[in-house]
Amino acid sequence: MNDLKFSPNTDGIEQIDFRPYMLENAYDYYKICTSSTHQRMSIQAVLCALSIEIILKSFHATVRSNEGQINETYEFEKKKALPKGTNAHDLMVLYEALPENIQHYLFNSLDLKTLSANKDLFTRSRYSYEQNANRSHNDRIIKLAASLICKMVYLYRSFGCEDPFIKFFDIEALYFREVRSFIMCNEP
């Protein structure tokens, strides 16, 4: 597995603003739900939808305090980013607010189907005991969250982000274990 490298194409992306603590927070939600000994697909899916929401919002967030420190705080600029009256938790609305080059970098057509199918998962299913909550889940949203985290870390590194979370994050470990798993065999 040491020879495998995660290297998505960043052509067409000229500049991005770094929001590393948002990305770290998205990873925290992802990792807590996937590494818990108490596995519940419905909870994992909801937390991964939240993780994706944070990633998408990071493109429209401004630094509010602790600029340049590992505990920067941010504010999502909803009025600037989204049309009036839209749901700021709707993953498709957040996707559509992204610059086109970022849309193409982060999502392929299968990813968009997953995103669309789960666009309101966080708001509809965070309370699994409610009557209208989803009763059926699969791992596509979980893998999409992991993939987006990997792509974001790769993008930040490519543009010179020096945040410790970004610098020391093991992209290949997450991607090749949890998004694109490979069985490694020893040859005789």
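**Note on a predicted single-chain model**

1. At a relative accessibility of 15%, E77 counts as buried; the term buried stands for under 20% relative accessible area, exposed for over 50%, and partly exposed for the range in between, with a 1.4 Å probe and protein chains only. E77 sits in the loop between β2 (73-76) and α3 (78-81). Helices (H or I, at least four residues) and strands (E, at least two) are DSSP runs, numbered from the N terminus. Apart from neighbours within four places in sequence, E77 is in contact with H60, T62 and R64, where contact means heavy atoms within 4.5 Å.

2. Some remarks on the basis of this note are in order. The model is predicted, so that local features need pLDDT of at least 70 and side-chain atom pairs count only at pLDDT 80 or more, whereas totals for chains, interfaces and linings use all residues. Residues are numbered from 1 along each chain as its sequence is written, and side-chain values use heavy atoms, with hydrogens and water left out.

3. The protein chain contains 10 helices and 2 strands. Read from the N terminus, the order of its elements is α-α-β-β-α-α-α-α-α-α-α-α. Among contacts between residues at least 6 apart in sequence, 69% join residues at least 24 apart.

4. What radius of gyration does the protein chain have? The value is 17 Å, which agrees with the figure near 16 Å that a compact globule of 188 residues would have. The radius is taken over C-alpha atoms, and the globule rule is 2.2 Å times the number of residues to the power 0.38. Along its principal axes, the C-alpha trace spans about 60 × 40 × 30 Å.

5. Of the 188 residues in the protein chain, 45% are buried. The accessible surface of the chain is about 11100 Å², and 47% of this surface belongs to carbon and sulfur atoms. These areas come from the Shrake-Rupley method with a 1.4 Å probe; for residues, only the protein chains shown count as cover.

6. In soluble globular proteins, nonpolar side chains tend to be buried together. The largest nonpolar core of this model has 60 residues, and Y30, I52, L106 and F107 are those with the most contacts inside it. Helix α8 (residues 140-158) provides the largest share of this core, 12 residues. A nonpolar core is a set of buried Ala, Val, Leu, Ile, Met, Phe, Trp, Tyr and Cys residues joined through side-chain atoms within 4.5 Å. With residues up to four places away in sequence not counted, L106 touches L56, F59, L98, D111, L148, K151 and M152.

7. I55 belongs to helix α2 (residues 41-57). Is I55 buried or exposed? I55 has a relative accessible area of 1% and is therefore buried. Its contacts, leaving aside neighbours within four places in sequence, are L23, A26, L148, I149 and M152. Y27 is 28 residues from I55 in sequence, and their C-alpha atoms are 9.3 Å apart in space.

8. Most residues other than glycine have a negative phi, and most peptide bonds are trans. N66, although not a glycine, has a positive phi of about 60 degrees. N66 is placed in the loop between β1 (61-65) and β2 and is partly exposed, with a relative accessible area of 30%.

9. F18 and F159 may be read together. F18 lies in the segment before α1 (20-35) and is partly exposed, at a relative accessible area of 24%. With residues up to four places away in sequence not counted, F18 touches E72, Y156, F159, G160 and C161. F18 and D163 are 145 residues apart in sequence, yet 9.2 Å apart in space from C-alpha to C-alpha. F159 is found in the loop between α8 and α9 (164-168), and at 27% relative accessibility F159 counts as partly exposed. Neighbours within four places aside, F159 is in contact with I13, E14, Q15, I16 and F18.

10. D170 occupies the loop between α9 and α10 (171-179). D170 counts as partly exposed, at 44% relative accessibility.
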